[in-house]
Amino acid sequence: ACRKPKQFCALCNTWRQKYPAKKNDDDDHSSNTHNTKGRITIQQIESFDTLFQRGLMPASRNELCQSNNTWPLENVNVSSGDMIELLVQHGANPLERDARG
């Protein structure tokens, strides 16, 4: 397991080279909406981590970033819908109540 973004970035790039993505027409994840070319950067890893840690409720409200702190979206091409799908697939509670209304 990698504990530092730099190590994780290197691991992702190694996997990307070793196991290239296969295009499958039946696979929802094979769309051209995600950039699969080029190297993954440390900034992308840190940005995604920041967005993922915000959790399900901000993603469902389409508030991935605060208005005065939009740097994560400058490095990662991810929508609120993508983030919701990833959060639920990785254990977020889809029945969580929104305390903000």
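**Close-up views of helix α2**

**View 1. Packing of helix α2.** The buried residues of α2 pack against α1 (5–18), α4 (71–75) and α5 (80–89). Helices here are DSSP runs of H or I with at least four residues, numbered from the N terminus; buried means under 20% relative accessible area, with a 1.4 Å probe and protein chains only. This is a predicted model, in which local features need pLDDT of at least 70, side-chain atom pairs count only at pLDDT 80 or more, and totals for chains, interfaces and linings use all residues. Residues are numbered from 1 along each chain as its sequence is written, and side-chain values use heavy atoms, with hydrogens and water left out.

**View 2. The buried side of α2.** Ile 45, Ser 47 and Leu 51 are buried in α2. They lie on the same side of α2 because they cover an arc of only 165° around the axis, taken from the directions from the helix axis to the C-beta atoms.

**View 3. Surroundings of Ser 47.** Ser 47 belongs to helix α2, which covers residues 42–54. Ser 47 counts as buried because its relative accessibility is 0%. Leaving out residues up to four places away in sequence, Ser 47 touches Trp 71, Pro 72, Asn 75 and Val 76; contact means heavy atoms within 4.5 Å.

**View 4. Length and end of α2.** With 13 residues, α2 reaches 19 Å from its first C-alpha to its last, close to the expected 18 Å. The expected span is 1.5 Å times one less than the number of residues. Gly 55 follows α2 and has a positive phi, near 100°.

Note on methods. Helix = DSSP H or I, 4+ residues; strand = E, 2+ residues; numbered from the N terminus. Buried < 20%, exposed > 50% of the residue type's maximum accessible area, 1.4 Å probe, protein only.
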